[in-house]
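Here is a friendly walk through one protein model, from the overall layout to a few individual residues. Keep the structure open beside the text as you read.

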Amino acid sequence: MRAVFLACLIFLASPASALSCLPVSVSRAYLDAAAAEETYVIALGRFSFAPEALAPRPAGEGSWAGTRRVAAGFTGALFSGDGFDFLTELDVTIAATCAGPWCASMAPGLETLVFLQEAADGYLLSLGPCGGSAFPDPTEDQIARIRACHAGGPCAEESARERAAE
C-alpha cells in the first residue's frame, strides 16, 4: 500500500501530469469579489509593463511554486454600475502565481476586463495558473454579464461548457 502511495506521489509531482482546472467565469469572478471582505473595483482597459515580466514560462524550465509581483500601469475605465464610465489611470501590482510548472501569465497592451482589489498601497490584480481576475479581450456577452450581475439579474455561474467557450 505504501509503495502505491509513493508511486502516486511521484506521478503527481512529475511534469507529465497536467493541471486540471477550468478557467473562472466572469460571473464567478463577480460573485467572488462581491462576497469578499476586501473591496474590489471592476475595470476595463490596458496594462503596461515589461512583456518578459509575465511571459509564459518555457516548457522544461522546471517546477516552481510562488508568486511573481510585477508593477504595472493601467489605463482604462472603472465600472460605475451602468457601464465603464470613469476614465482612470492606476498603478497596479500584478501578483501572478505558479503551481509547479504551471504559471499565470499576461500580455501587456490587450484590452482586459479585471477585478482589482483595493489595497493599502494601491490596487492588486491576482492571477493564478487557472485564471483569476482578468479576462483578456472580453466579449460583449462578458460585459453584459457584469451589468446583469450588478443590476441583481441572473448571475449564476455558467456551466463548464460555457466557461470553456470564453
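## Overall layout

Of the 166 residues in the protein chain, 37% count as buried. Please keep in mind that this is a predicted model. The secondary structure comes to four helices and eight strands, and along the sequence these follow the pattern α-α-β-β-β-β-β-β-β-β-α-α.

In soluble globular proteins, nonpolar side chains tend to be buried together. In this model, the largest nonpolar core has 20 residues, and F47, I94, L116 and L125 are those with the most contacts inside it. The elements that give two or more residues to this core are β1 (40-48), β2 (66-79), β3 (84-99), β5 (112-119) and β6. Another core lies apart from it, with 16 residues, among them V26, L44, L113 and C149.

Leaving aside neighbours within four places in sequence, I94 is in contact with F47, F49, L54, R68, R69, V70, A72, M106, L125 and L127.

Now turn to L124, which lies in strand β6, residues 122-128. Is L124 buried or exposed? Its relative accessible area is 15%, so L124 counts as buried, the cut-off for that class being under 20%. Not counting residues up to four places away in sequence, L124 touches R69, V92, T93, A95, F115, L116 and Q117. L124 and I94 are 30 residues apart in sequence, and their C-alpha atoms are 5.9 Å apart in space.

A119 is found in strand β5. A119 has a relative accessibility of 33% and therefore counts as partly exposed.

## Two disulfides

How many disulfides does a search of the whole structure find? The search finds two. One of them is formed by C98 and C103, whose sulfur atoms are 1.9 Å apart. Both of these cysteines, C98 and C103, are buried. The link of C98 and C103 is right-handed, with 115 degrees about the S-S bond.

C149 and C155 also form a disulfide, with their sulfur atoms 1.9 Å apart. The torsion about the S-S bond of C149 and C155 is about 85 degrees, so this disulfide is right-handed. C149 is buried because its relative accessible area is 6%, and C155, at 12% relative accessibility, counts as buried too.

## Where two helices pack

C149 also has a part in a helix contact. Helix α2 (residues 26-35) and helix α3 (residues 140-150) pack at an angle of about 35 degrees, and their axes are 9 Å apart. The crossing of α2 and α3 is right-handed.

Which residues meet in this contact? On the α2 side they are V26, S27 and Y30, and on the α3 side Q142, R145, I146, C149 and H150. By class, the contact of α2 with α3 has four nonpolar, three polar and one charged residues. V26 and C149 are also among the residues of the 16-residue core.

Key. Residues numbered from 1 in each chain as written. Predicted model: local features only at pLDDT ≥ 70, side-chain atom pairs only at ≥ 80, totals over all residues. Heavy atoms only, no water. Buried < 20%, exposed > 50% of the residue type's maximum accessible area, 1.4 Å probe, protein only. Contact = heavy atoms within 4.5 Å. Disulfide = S-S within 2.5 Å. Core = buried A, V, L, I, M, F, W, Y, C linked by side-chain atoms within 4.5 Å. Axes fitted to C-alpha atoms, helices over the stretch in contact; angles between N-to-C directions. Left-handed = near helix turned anticlockwise from the far one by under 90°. Nonpolar A, V, L, I, M, F, W, Y, C, P; charged D, E, K, R; others polar.
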